Amino acid sequence: MKLEKNAIDRENYLNSKHAYLNLFFEQANDAIAVFDLEDHVIAVNPAFEKLYGWSKEEAIGRILPLIPPENEEESKQRKVDLMLGKKYHLHETTDMRKDGTFFDAQISLSPILSPHGEIIGSSVISRDISYIKENENLILQSEKLKLVGELAAGVAHEIRNPMTVISGYVQMMNEDSDSPYYEYTKLIQNETERIELILSEFLVLSKPQANQYAPINLAEALSEVVQFLQYEFQSKAISLKIINEFLNITILGNKNQLKQVFINLFKNAIEAINEDGSITLQVCKSKDEKEIYIQIIDTGCGIPPNVLDRMFEPFYTTKTNGTGLGMMIINKIVQDHQGSIQIKSKQHVGTEILLTFPIMTQ
Ligand code: ADP
Ligand code: MG
């Protein structure tokens, strides 16, 4: 009798243990898969189906392409290591979903041993860490941005003082148009003016200025920018269409900085157009009249997705003479003004940039 009861207890115990393990497998947040020695799938849990996009029915018995082609070598090495009994704990890599897209994965790999100690398969526990990677990148980027901004502003300030002295004296020398060096001093003056212009681009990044906010007439700022770029539009035969002739809108901000944003955006649009394209500037209010939308649409080369991902990074440029600072500066200024920026682009068709700023109410 006693023996029999023990046997039942033991069976219950085993059953319940099995059931618990099964529940764990089914409900785990991490993707889990088990493979035989040839990498055929033996089991996958629902989290795996969700993460990798392969259903259980599709997966079982098959060798799945879970590794991006360029990681093939690395994966082979892991497999060799596994067969030697080595484990991988929280290893960071890139995995591939059924639809061919990649994600940052953190995986733990272990061999599965038979009761006799021989390796009969392997298991992987995997988790999508893309969002962590994205956060890390964002933090890195904003630190880089801050550093570059400070550096640029610092250098600009330092160069500005000697530049003032130089251009002051050159201007004096220039006043005598009979001087034998007039041609040279004129040239020097032009070039120093250019340097001062470049310096002023960096100066908009410096902190103190950012706090000097005043009501700005948007129409005025925009028409000054359009005026400033007139020559560049003409020399490339680009037609500028202005829709909704700037409404009488006031934004709280720094006028020079905002003009810098528009100049940088127009310059990028101009540079994206080979010849004969058009740029459209469209200004309108949001429905609730709390925000202003400023759209700059070009019929240029468009932005490929890999550039779109990186274009706000300092020094990222696809142009031989680019600085890669334009978009970074724009981003910084727009953020400082509680605005936002959205980009839509289609290669060989064009790019649409949408800026949104809060309207200042009297
Ligand atoms: P730069 O203009 O000096 O290259 P930016 O920061 O202004 O630096 O722009 C970064 C990159 O973004 C450019 O090199 C270009 O590849 C891309 N880009 C920006 N605006 C546009 C646009 N309107 N059309 C196509 N590409 C653009
Ligand atoms: Mg630019």
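I take a residue as buried under 20% relative accessible area, exposed over 50%, and partly exposed in between. The model I consulted is predicted.

**Cysteines.** I looked up C284 and found a relative accessibility of 23%, so C284 counts as partly exposed. I then turned to C301, which has a relative accessible area of 44% and is therefore partly exposed. I also searched for disulfides, taking these as pairs of cysteine sulfur atoms within 2.5 Å. By that rule I counted zero disulfides.

**Sheet.** I traced an open sheet of five strands, ordered β2-β1-β5-β4-β3, with antiparallel pairing. I noted β2 (41–44) and β3 (88–96) at the edges; each has a single partner strand, so one side of each lacks a neighbour in the sheet. I recorded an average twist of 30° from one strand to the next.

I next examined the pairing of β1 (residues 31–36) with β5 (residues 119–128), which are antiparallel and joined by six bridges.

I followed helix α4 (residues 72–83) across β1, β3, β4 (102–113) and β5. I read the angle of α4 to β3 as about 150°.

**Ligand 1.** I listed 20 residues around ligand 1, of which T317, T318, K319, T323 and M327 come nearest. I then checked polar atoms against oxygen atoms of the ligand. For T317, I found a polar side-chain atom 2.5 Å from a ligand 1 oxygen. For K319, the distance from a polar side-chain atom to an oxygen of ligand 1 is 2.7 Å. At G324 I noted a polar backbone atom, 2.9 Å from an oxygen atom of ligand 1.

Terms used: Residues are numbered from 1 along each chain as its sequence is written. Chains are lettered from A and ligands numbered from 1 in the order in which they are written. This is a predicted model: local features need pLDDT of at least 70, side-chain atom pairs count only at pLDDT 80 or more; totals for chains, interfaces and linings use all residues. Side-chain values use heavy atoms; hydrogens and water are left out. Two strands pair if DSSP finds at least two bridges between them. Helices (H or I, at least four residues) and strands (E, at least two) are DSSP runs, numbered from the N terminus. Axes are lines fitted to C-alpha atoms, for helices over the stretch in contact, and angles run from 0 to 180 degrees between N-to-C directions. Contact means heavy atoms within 4.5 Å. Buried means under 20% relative accessible area, exposed over 50%, partly exposed in between (1.4 Å probe, protein chains only). A residue is near a molecule or strand if one of its heavy atoms lies within 4 Å of it. A polar contact is a pair of N or O atoms within 3.5 Å; within protein, one must be able to donate a hydrogen and the other to accept it, and residues adjacent in sequence count only if both atoms are side-chain atoms.
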